[in-house]
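Thanks, everyone. I'll take you through one chain, a few contacts at a time. Please keep the structure open while I talk.

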Amino acid sequence: MRPHRALISERTIPLLPRGVQLRHDFARQRWVLLAPERVLVPDVFAHEILLLCNGRTSVSNIVDVLAQKHRADRDVVLRDVLRILQDLQDKSYLTDRGSFEGNEGPDITRLHWQDTAETARTGLTSANPLPIAALAEITHRCPLQCPYCSNPIDLERASSELSTAEWKSLIAQMPGLGVLQIHFSGGEPLARKDLVELVGHASAAGLYVNLITSGVLLDREKLSALANAGLSHVQISFQGTENRSADHMAGFRGAQSKKREAARLVREVGLPLTVNAVMHRQNLYQLTDMIEMAVELDAARLEVAHVQYLGWASKNRAALIPTVEQFQESTRIVDAARERLKGVLVIDYVIPDYYAIRPKKCMGGWAKQFFNITPSGKVLPCHAAESITGLAFDSVQDHSLSWIWNESPAMRKFRGTEWMNEPCKSCEFREIDFGGCRCQAFALTGDAGNTDPTCAKSRLHEEIVALATNEAEVDIRYFDYRNFRQDLR
C-alpha cells in the first residue's frame with residue numbers, strides 16, 4: 001500500500017524516530033534536534049513538547065500537562081501543539097508510536113541526550129564560529145568509477161590513510177570543538193575494516209553518526225554491526241533507476257541491484273534512509289521514476305542533486321550538464337512531488353549552479369559550520385577546497401583540530417566577509433551566501449577571491465550561462481572515468 005501523509009490528532013502517541021535525536025548542545029548551551037544533515041533549535045515551548053514525545057504519552061495528555069503548567073487555555077495549547085507536531089511529522093522528525101506493530105518500534109528507553117553528569121559543563125567561548133558537522137573521508141578507495149566523482153583528481157593512496165587510533169583521537173576532539181554530527185564518507189567508507197569501530201567511538205562520544213555509502217559493499221552482517229555500534233542514519237547514492245544505464249554510470253556491473261538490496265536492508269534493521277539521486281543530462285528523464293523509487297524503498301528523505309562540476313566531474317561537464325529546458329522541467333517535477341508527497345517523503349533539491357541567479361551558501365560559509373578531513377588527515381573547509389592551488393591546508397598529523405579550525409591560515413582565508421571585493425563587499429546578501437562557492441570561483445575565474453560567477457551580479461555570469469547552454473546542446477555520450485573511457489551509445 002502506498003504511504004500516505006499522517007495527520008496528528010489528540011489520539012496520536014508521538015515519538016522521535018530512530019535517526020532524530022533531542023540533545024543538549026553543551027558548546028552553545030542550548031537544546032537541539034538532530035536529524036540527517038539537519039540541526040534544529042527548538043524554542044522553549046517546542047522543547048517542552050519534544051520532551052514529552054516519549055512514545056507513551058498521547059497528544060491529548062501532552063496538551064493537558066502543558067495547559068496546566070502554563071495555566072493557559074487548553075484549546076489554545078492544543079492548536080499550538082498540533083501545529084508544531086504536524087510540522088515535525090511532515091519533515092520526518094516525528095512518528096506515531098501507534099504505527100508500530102508488536103515490538104518493532106524504536107527503543108523508547110534510550111535517552112537522546114548526554115548523561116546528567118555532563119550538565120555542569122559550560123559553553124565554549126570563541127571568536128570564531130563553532131563547527132556543527134564534520135565530514136570524515138576515511139578513504140578514497142571506491143569500487144565505483146562515477147564520472148561525476150567529487151573527490152580530487154589526484155586521490156590519496158591507502159598507504160597514506162590515518163590509522164584507526166588516529167581517527168579515534170580526532171573523533172574524541174570533535175565534541176569539544178562544538179561538532180554535533182559526523183558523516184563517514186569516502187570514497188567508499190565500507191572499504192575500511194575498522195568502520196564499525198569508528199562508528200561506535202563516534203556514537204560513544206555523543207555525535208550523531210551518518211553513513212554516506214554507495215551501498216555495493218553493504219550486507220546484513222555489516223549493517224547490523226553498524227546499527228548496534230550506534231549508527232544514526234544511512235545515505236545511499238543512486239545513479240539512476242534503470243539497471244543498465246545506472247551500472248554504466250557507476251562503472252560497476254550489478255551496482256543497481258546491490259544498491260536496492262542495501263536500501264532494503266537499511267530499512268529492515270530499522271535505520272532511516274536517504275536516497276541520494278545525482279542527476280544530470282544523461283539521466284534526468286528518470287527523475288520521476290527516481291522519486292517513486294525513493295518512496296518504494298521507504299526512504300524518509302530524497303536528495304535530488306544536480307552534479308556540481310568540481311573534482312573529477314569537471315572533466316565530464318560537457319557530457320553531464322543539462323539543458324535549460326531539462327533544468328526547468330526537473331524543477332517542476334520536484335515542486336509537484338514535494339506537494340504530492342508532503343508528509344511522506346522529504347525532498348531536498350540542489351540546482352545546477354550554472355543556471356542559478358544567486359549563488360548557494362556553500363557549506364554554510366567557508367569554515368563557518370563545517371570541516372572535511374581527508375584520508376591522510378588534511379583539514380579542509382569543504383571537500384573540494386584542495387582544487388584551489390596556492391592554499392596549503394594543515395594536517396592533524398601536525399596540529400590539533402582546534403588549532404587548525406581557529407588558527408590555520410587556509411581556514412581563515414575566506415571566513416566571514418572581510419576578504420570580499422566588490423560587488424560582494426557591499427552586497428545585501430553578503431551575510432547570507434558569503435560570496436558563493438570559493439572553489440567554483442577559482443575554477444571558473446582563476447581567482448578564489450572573485451565573486452562566484454554563478455551569481456547574477458558577477459560580470460562573468462552571462463558568460464557562464466552561455467558556456468553551460470552551449471555545452472548542453474552538444475551530443476556527447478561518453479565519459480572519462482578514472483581508469484577507463486565508457487561510451488553509453
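**Helix H8 and its surroundings**

Let's start with helix H8, residues 255–268. Its 14 residues reach 20 Å from the first C-alpha to the last, close to the 20 Å expected at 1.5 Å a residue. Bear in mind that this is a predicted model.

Which residues of H8 are buried? Ala 255, Gln 256, Lys 259, Ala 262, Ala 263, Leu 265 and Val 266. The cover over them includes three helices: H6 (220–229), H7 (243–250) and H9 (287–296). Strands S9 (233–238) and S10 (273–279) are also part of that cover.

Look at Lys 259 again. It is one of the buried residues of H8. Lys 259 lies over the face of Phe 238, at 5.9 Å from the ring centre. After the helix comes Gly 270, with a positive phi near 90°.

**Rings**

Now the aromatics. The count is six aromatic pairs. Take Phe 327 and Tyr 355. Their ring centres are 5.8 Å apart and their planes meet at 20°, so this pair is stacked. The pair links distant parts of the chain, 28 residues apart. Phe 327 belongs to helix H11 (residues 324–340). Tyr 355 sits in the loop between strand S12 (346–350) and strand S13 (370–373). Both Phe 327 and Tyr 355 are buried.

Phe 479 and Tyr 481 pair as well, but edge-to-face. Here the centres are 6.3 Å apart, with 85° between the planes. Phe 479 and Tyr 481 are both buried.

There is also a cluster: Trp 366, Phe 414 and Trp 419. And one more charge over a ring: the charged end of Arg 415 sits over Trp 405, 4.8 Å from the ring centre.

**Salt bridges**

Side chains of opposite charge can pair when their charged atoms come close. How many salt bridges does the model have? The count comes to 31.

Back to helix H11 for one of them. Arg 332 bridges to Glu 329, with the closest N and O atoms 2.7 Å apart. Both lie in H11, three residues apart, about one turn of the helix. Arg 332 is partly exposed at 47% relative accessible area. Glu 329 is partly exposed too, at 34%.

Next, Arg 412 and Glu 407. Their closest N and O atoms are 4.0 Å apart. Arg 412, at 45% relative accessibility, is partly exposed, and Glu 407, at 42%, is partly exposed as well.

Then Lys 457 and Glu 428, with a closest N to O distance of 3.0 Å. This bridge links distant parts of the chain, 29 residues apart. Lys 457 is in the loop between helix H15 (438–445) and helix H16 (461–472). Glu 428 is in the loop between helix H13 (409–412) and helix H14 (430–433). Buried, partly exposed or exposed: which is Glu 428? The cut-off for exposed is over 50%. Glu 428 has 54%, so it counts as exposed. Lys 457, at 37%, is partly exposed.

Some bridges join up. Glu 37, Arg 38, Arg 301, Glu 303 and Asp 348 are linked in a network.

**Glu 386**

Last stop. Glu 386 is in the loop between strand S14 (379–380) and helix H12 (401–407). At 26% relative accessibility, Glu 386 is partly exposed.

What does Glu 386 touch, leaving out residues up to four places away in sequence? Pro 152, Glu 156, Thr 374, Lys 378, Leu 380 and Phe 393.

Note on methods
Residues numbered from 1 in each chain as written. Predicted model: local features only at pLDDT ≥ 70, side-chain atom pairs only at ≥ 80, totals over all residues. Heavy atoms only, no water. Helix = DSSP H or I, 4+ residues; strand = E, 2+ residues; numbered from the N terminus. Buried < 20%, exposed > 50% of the residue type's maximum accessible area, 1.4 Å probe, protein only. Contact = heavy atoms within 4.5 Å. Expected span 1.5 Å × (residues − 1). Phe/Tyr/Trp six-rings, centres within 6.5 Å; stacked < 30°, edge-to-face > 60°. Lys NZ or Arg CZ within 6 Å of the ring centre and 35° of its normal. Salt bridge = Lys/Arg side-chain N within 4 Å of Asp/Glu carboxyl O.
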